[in-house]
Amino acid sequence: MGRQGGAGEQTQDLWGSRRGLSLAALKRGFGDHLRYSQGRIPKIATLNDQYMALAYTVKDRLLHRWVRSAETYMKGDLRAVSYLSAEFLLGPQLANNLINLGIYEEVREAVEASGGDWNALLEHEPEPGLGNGGLGRLAACFLDSLATLQIPSIGYGIRYEFGIFSQSIQDGKQIETTDKWLCLGNPWESHRPEIAYEVKLGGHTEHVQGDDGRRQVRWVSNRVVKGVAYDTPVLGYKVNTCNTLRLWKAEAAESFDFQAFNVGDYYGAVEEKVFSENLTKVLYPNDEPTQGKQLRLEQQYFFVSCSLQDMLRMCSMGNLPPTRFHQVFSVQLNDTHPALAVPELMRLLLDEHGLGWDEAWEVTQKTFGYTNHTLLPEALEKWPLPLFRSLLPRHLEIVFEINHRFLEKVRARYVGDDDRAARMSLIDETDEKHVRMANLACVGSFAINGVAELHTDLLKRHVLRDFYEFFPEKFSNKTNGVTPRRFIVLSNPRLADLITRKVGDGWITDLDQLRKLEDLAEDEDFKSEWNRIKRLNKIDLSEAIRDRTGIVIDPDSLFDIQVKRFHEYKRQHLNVMHVLTLYSRMKQDPNIDISPRTFIFGGKAAPGYFMAKLIIRLVNAVANVVNHDPDVRDRIKVVFFPDFNVKNSRLIYPAADLSEQISTAGKEASGTGNMKFSMNGALTIGALDGANVEIREEVGPENFFLFGLTAEEVYNLKSAGYRPRDIYESNDQLRTVIDLIGSGHFSSGESELFKPLVDSLLYHDEYLLFADYQSYADCQDRVGRTYRDRNTWTRMSILNAARMGKFSSDRAIRQYCDEIWKVSPVPISLEDGDEEV
């Protein structure tokens, strides 16, 4: 440690380098990890060595708080939240943990003072792509808020070896490449080989008589996989609470067959290892082929089985009987992916712990809460009965029994209403039989919630209407939220600093305090500083776009941004239609007065989703033509920002002037990108869909660009017989745009390229782009006029940010805690002499 001393001094010095938050302690820790964890001296240390050493140094501080949190939780008789999610999009961890420890600036300055490249270190960190989009990012925000609010909790998910694909664009097409986020190691996780559980698959069941005379069921599987825990600490903001994200990796129960090896079958010797590890190899395989469906079902069962076995182990460690399971854990199902937890907990209680049916069902129903995240019928998971039976024979028996008992109650209440019973059944009897996972989650949970007021209302009136009428007391709304720590403090440090200088730093954990900014919306000096920060953020994004795409954009133009997963209902192609509206106007009159605007698109399409990938190709084709057309004269530019993810989002949200939230009314459950944009001062153009409704209520109708049909109008139009071709024929501007796409103008004369998209709109238009087109185009004209009045635009921008307090994930988690989970904060204190955050 650089000097001689007694044993007590050396021990204190060691602990200081592992636990202290002073610059001296952090430097000692970094040096120690560079030498003893990485085996390097500074002269030959690579960027990865430096990153790993710094990450391990920070992790030491997290582990200290992690251990103290665990010790505190074990002492008390408390209830913890268990959050089950097939996705967790955490984003890079280094900067976020430094912010939560309160030492970000100190560490950055120390790195730069020693000659290090701070931005290179941050950029070097890979992103764990353990999710597709909003669902996984919401789960990560909730873990952050649970820890910040000092709620005992644990997240459970899957440790995918390969996360969501990395996206590149070649010849305008999306190209998917493997996301190798683990290739250089993951310093934040702790491997727990001693925490492992066997998970059965396949086989059959045997019904036998037990010694006590009771009927018992033995599941004789034909395959066993072992689930091994990998833990990541989740630290709250400037508190000592450090909770756990536990991800499961699949391994073979026996990884090497010596007998096969000895007879020369070298592949057979490791076949079981390869076969088993494939289970958690990749995030959400393409589930179109039967093998993909099977693997996805295996993944879902694998992680809920490991998680429930783990929770039961914790109960046993505390000498608590399984009948008290629901008193120890409140388990939240993040959509239907973990819904197999309902029959799995029943199986464990019945077959492994010997409870009777009624007792086990009471525990199960008091354990689970179910969050629904979709209004799209095709997104409500259903599993073919033959597949379900072949993989989970015991669970199918349990599902049948749950269904039998439940439908008896339904038929008793609604005598003679066979149609209602058929709709509410856990088994879809039409065509090929399926197990309905949303129905299973509704029956097996004590609470059901939507994620925006409109979404919850539509669940009650349409998607889950039968269940709402049967279980009205189960239903509530919990509007989504996002963490301001990542999406303002980390992503937009210039704005965070300005806000803190004006209103203090209390807003970081109490976002309602941003309301104090309203008084500054007419302050000329404040507005000038607000605009200066926005322009600097736009310059940062402009430079990143130039580096990644070669496209040069004007930071003084209006940055009109739509970044989200590509799907027809999210209507990125409606945005393109507006681009082409402006383009066609310029072609007709090259001297037309149009506000300069940069259209920025980003997001990934599912590899098997043909139409979404075609829309990405259209965006890039339009960009290639518009950006090089001399009649446009750079007044509009179109950019596709490749590989949008949590890391890249820190460039995008702070730079946006206009946020495109244009999904068809009644299709988006909530959306969270809309919240992230508004928090950073972007104005929203949107339909009354998802959380847009509440955002507009909060910021004021005058500070929101509204267009389009309402959800009720959408329903009525479709019911009356929607004819998109009629709108095409009657709207000259729309017809010009669609004909331009279909003509081959953007595909080097290849008119067939975008024909599937054009035909889909002309003859089906499932998501009503034509119906909303004119309203959208008119609203966009109003956007352009407003942006020219910079004083008005700036005031609207400030008020948008100031009124976003409702959309903090802290508020959402407080509601879950108070109204569903019934849990309370448990503050964590460190030992005397430790540095508190």
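Contact here means heavy atoms within 4.5 Å. The model is predicted, so local features need pLDDT of at least 70, side-chain atom pairs count only at pLDDT 80 or more, and totals for chains, interfaces and linings use all residues. Residues are numbered from 1 along each chain as its sequence is written, and side-chain values use heavy atoms, with hydrogens and water left out.

Glu668 touches Leu375, Tyr569, Lys570, Ser663, Asp689 and Gly690, not counting residues up to four places away in sequence. Glu668 lies in the loop between β20 (658–661) and α26 (673–679). Helices (H or I, at least four residues) and strands (E, at least two) are DSSP runs, numbered from the N terminus. The relative accessible area of Glu668 is 11%, so Glu668 is buried. Buried means under 20% relative accessible area, exposed over 50%, and partly exposed in between (1.4 Å probe, protein chains only). The side chains of Glu668 and Tyr569 are joined by a polar contact of 2.9 Å. A polar contact is a pair of N or O atoms within 3.5 Å; within protein, one must be able to donate a hydrogen and the other to accept it, and residues adjacent in sequence count only if both atoms are side-chain atoms.

Two sheets were then examined. Strands pair if DSSP finds at least two bridges between them. β13 pairs with β14 (residues 434–436) in the antiparallel sense over 2 bridges. Ile427 stands opposite Val435 of β14. Axes are lines fitted to C-alpha atoms, for helices over the stretch in contact, and angles run from 0 to 180 degrees between N-to-C directions.

Another open sheet has 9 strands, ordered β5-β8-β9-β2-β1-β10-β11-β15-β16, with mixed pairing. At its edges stand β5 (190–201) and β16 (475–477); each has a single partner strand, so one side of each is left without a neighbour in the sheet. Neighbouring strands are turned by 25° against each other on average, direction ignored. Within this sheet, β1 (residues 80–84) and β2 (residues 153–158) pair in the parallel sense over 4 bridges. Val81 has Ser153 of β2 as its bridge partner. Helix α34 (residues 809–821) packs on the sheet and touches β1, β10 (329–334), β11 (368–371), β15 (447–450) and β16. Its direction makes about 115° with that of β10.
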